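This briefing is intended for a reader who is meeting the structure for the first time. Please keep the sequence and the model in view while reading.

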Amino acid sequence: MYQSLLVLSLICFSSANFVKLRSNAGMFYDTMAGVPRSDEEFWLRLDINQGLSWTLDSSYYSCNGSNVSSSLCFNSARNVYDASNSPTADFVDVYANTTVNNTDEASAERVNLTNNLFADGVYMEDNFYVTLNNRARMTATDLKFLNAHNSSAAVGSLALGSYTSQDVPTFLQRLQSGGLIESNSFSLALNEIDSSYGELYLGTINSTKYVEPLVEFDFIPVSDPNGVFGFDWEDTFPTVPISGLSMSSNDKQRTVFFPNDWNNTVLTGTYPLPMMLDSRNIFIHLPFSSIIHIAVQLNALYLDTLQKWAVNCSVGQLDATLNFHMGNLTVHAPIKELIYPAYQGDKRLSFANGEDVCILAMAPDVYIGYPLLGTPFLRNAVVAVNHDSKKVAVANLNRDSIPPSSNVSVSESMGVYVPPPVSTSRTSERPSTLDESSTANFDKREESDVSSSSVTNSNSRNSSTITSSGTQTEQTSGIATIETDSIPGALGNNLTDYSTLTLTIYTNSEVDELNPNIATASISNGSIYSEPYPFSGTAVAESFSASPSQAEGSNSSSSGSSLVLCFFTSLASLLTVSCLLL
């Protein structure tokens with residue numbers, strides 16, 4: 001049976017291109033997986049740094065009694081794996097490396113994921129396929145995975161990483177051993193935030209998706225001295241060096257570079273900074289000082305109780321980019337790619353003058369314990385990962401190659417969910433800034449509703465349709481195979497000061513003692529009201545973003561055409577600001 005599956009998959013793959021990833025408003029990226037010879041299909045979320053794929057068991061949602069008609073129960077049907085529907089499912093004892101008869105005999109484990117999610121379940125083995133854009137299927141036979149009965153996320157993982165705690169073969173390794181891909185590798189083009197889908201290339205890279213140069217980096221080792229994620233030291237995660245940050249006004253061809261020093265309120269240091277790539281996180285986690293440099297330039301208002309920065313959504317119209325320097329490569333992220341619409345319940349948050357509020361897609365790295373590049377970075381880059389050679393190559397996204405914009409309706413809360421305040425006092429519990437935990441931007445119900453909507457249901461929150469046939473003419477001329485020892489087209493980097501870097505994971509921290517000394521604001525009845533601007537004696541020019549006076553509904557006018565670039569001399573002296581009006 002496995003041989004016939006392999007032959008069929010090889011025949012289909014000869015003309016295959018990529019896996020279409022369903023984009024949930026540019027925040028999450030999912031693909032439909034399934035089991036051959038059954039009707040079993042379920043959504044899995046792309047996870048590029050974990051090696052262990054996992055599913056949600058059908059028992060995860062209770063769909064009986066009064067719950068049977070709830071939207072959570074209805075929509076979750078496409079998120080769960082039901083072993084009883086699969087003719088090839090087996091329970092697994094991973095320590096004895098053998099199949100067993102039932103759940104009680106199977107190995108159980110809690111997986112602490114590197115994006116602060118967890119999944120409790122038992123090991124199973126089955127054949128999983130993903131569908132390519134030409135309707136072909138790529139099947140990983142005898143894939144060992146965790147079937148979770150409890151999790152802080154409402155969607156399982158299609159894991160494309162290398163690290164697994166029990167050293168079980170990964171999804172990519174099963175494809176490789178089956179002869180479907182040459183190397184343990186993939187490349188990724190999530191496209192822009194409003195694109196209708198992202199693109200996942202298994203074992204290949206498409207040169208039409210990126211703008212040269214494509215620059216290659218060795219994986220930076222990751223140290224976990226406190227055992228937060230269960231390992232001591234690993235060099236199996238796609239972790240890259242960021243050598244600096246800057247912001248550019250493209251129309252006037254001016255760039256301001258941020259200071260090389262950083263301060264995250266717990267540690268201080270200098271760039272280059274090792275940062276882990278993560279496709280299940282909708283934020284970029286930077287040192288606090290670096291975020292402040294960015295926030296001030298956009299006239300962001302700091303929501304102290306929520307520990308997020310609010311900006312006027314019109315900053316997305318700026319012809320400006322945040323630049324991530326990586327030696328001889330600079331990844332340019334337009335401002336519109338770095339903000340999310342803000343909701344409280346099902347209501348859009350607005351400034352007191354009625355203009356829409358967006359949340360800056362950044363959070364301090366101390367909240368999770370390490371610096372991280374989530375989907376806001378990945379949407380602006382093409383990334384190729386070769387686990388055989390432990391290298392990652394990065395290039396700028398070719399914006400001429402992206403699919404058309406999605407018809408996703410955002411009439412409901414397809415954005416960052418801002419929970420209503422329950423108290424004005426701080427609590428000892430760390431507010432989550434991640435995308436998927438039960439206390440994050442969406443609670444479990446909301447994230448499930450968004451993620452498990454049927455691809456043909458026009459009434460769902462995400463009404464984008466992803467079909468395997470499609471109507472787009474896909475570009476295939478640039479596709480090249482990633483070999484075990486190389487990534488086609490990749491150049492070496494010119495960074496000489498990152499070979500000794502290690503990404504150290506610390507326990508996450510609260511930053512109650514930090515007063516960011518930027519414009520702060522509070523939320524009342526769905527509107528944001530600002531506090532007095534702290535820069536006394538400093539003239540900060542108005543830009544597209546809402547200045548504090550605008551947020552309070554004054555009659556102050558805005559030029560509507562300028563970008564203000566400001567930077568601090570140090571975190572400890574935040575009132576010393578230099579500004580450049582572009």
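Pro213 lies in strand S15, strands being DSSP runs (E, at least two residues) and helices likewise (H or I, at least four), numbered from the N terminus. The peptide bond that joins Glu212 to Pro213 is cis, with omega about 10°. The model is predicted: local features need pLDDT of at least 70, side-chain atom pairs count only at pLDDT 80 or more, and totals for chains, interfaces and linings use all residues. Residues are numbered from 1 along each chain as its sequence is written, and side-chain values use heavy atoms, with hydrogens and water left out.

**Backbone features**

- A cis peptide bond also runs from Tyr271 to Pro272, with omega near 15°; Pro272 is located in the loop between S22 and strand S23 (273-277).
- Arg135 is not a glycine, yet its phi is positive, about 75°.
- Arg135 belongs to the loop between S9 and S10 and counts as exposed because its relative accessible area is 56% (buried means under 20%, exposed over 50%, partly exposed in between, with a 1.4 Å probe and protein chains only).
- Thr265, a residue other than glycine, has a positive phi near 80°.
- Thr265 sits in the loop between S21 and S22, and its relative accessibility of 21% is why it counts as partly exposed.

**The chain as a whole**

- The protein chain contains 7 helices and 44 strands.
- Of its 582 residues, 60% count as buried.
- The accessible surface of the chain comes to about 21200 Å², of which 46% belongs to carbon and sulfur atoms; accessible areas come from the Shrake-Rupley method with a 1.4 Å probe, and for residues only the protein chains shown count as cover.
- Among contacts (heavy atoms within 4.5 Å) between residues at least 6 apart in sequence, 72% join residues at least 24 apart.

**Helix H4**

- Helix H4 spans residues 288-297 and is mostly covered, with 10 of its 10 residues buried.
- The buried residues of H4 include Phe288, Ile291, His293 and Gln297.
- Asn299 follows H4 and has a positive phi near 50°.

**Disulfide**

- The whole structure holds 1 disulfide, defined as a pair of cysteine sulfur atoms within 2.5 Å.
- This disulfide joins Cys313 to Cys358, with an S to S distance of 2.1 Å.
- Cys313, in the loop between strand S26 (308-312) and strand S27 (320-325), and Cys358, in strand S32 (residues 357-360), are 45 residues apart, and the pair links distant parts of the chain.
- The link of Cys313 and Cys358 is right-handed, with 105° about the S-S bond.
- Cys358 counts as buried because its relative accessibility is 5%.

**Salt bridges**

- The structure has 12 salt bridges, each a side-chain nitrogen of Lys or Arg within 4 Å of a carboxyl oxygen of Asp or Glu.
- Arg22 pairs with Asp30 in a salt bridge whose closest N and O atoms are 2.8 Å apart.
- Arg22 is buried at a relative accessible area of 1%, and Asp30 is buried at 0%.
- Glu125 forms a salt bridge with Lys144, the closest N and O atoms being 3.0 Å apart.
- Glu125 lies in strand S9 (residues 118-131) and Lys144 in strand S10 (residues 137-151), so this pair ties together parts that are 19 residues apart in sequence.
- Both Glu125 and Lys144 are buried.
- Glu199 and Lys209 form a salt bridge, with 3.0 Å between the closest N and O atoms.
- Lys209 is in the loop between strand S14 (204-206) and strand S15 (210-218), while Glu199 is in strand S13, 10 residues apart.
- Salt bridges with shared partners connect Glu192, Lys336, Glu337, Arg379 and Arg399 into one network.

**Surroundings of Glu199**

- Glu199 is found in strand S13 (residues 197-202) and is buried because its relative accessible area is 4%.
- The side chains of Glu199 and Tyr201 are joined by a polar contact of 2.6 Å (a pair of N or O atoms within 3.5 Å; within protein, one must be able to donate a hydrogen and the other to accept it, and residues adjacent in sequence count only if both atoms are side-chain atoms).
- Not counting residues up to four places away in sequence, Glu199 touches several residues, among them Phe18, Leu188, Ser401 and Pro403.

**Nonpolar surface patch**

- Val266, Leu267 and Tyr506 make a nonpolar surface patch of about 250 Å²; patches consist of residues with over 30% relative accessible area and no salt bridge, like charges being joined within 9 Å and nonpolar side chains (Val, Leu, Ile, Met, Phe, Trp, Tyr) within 5 Å.
- Leu267 is in the loop between strand S21 (261-263) and strand S22 (268-270), and counts as partly exposed at 31% relative accessibility.
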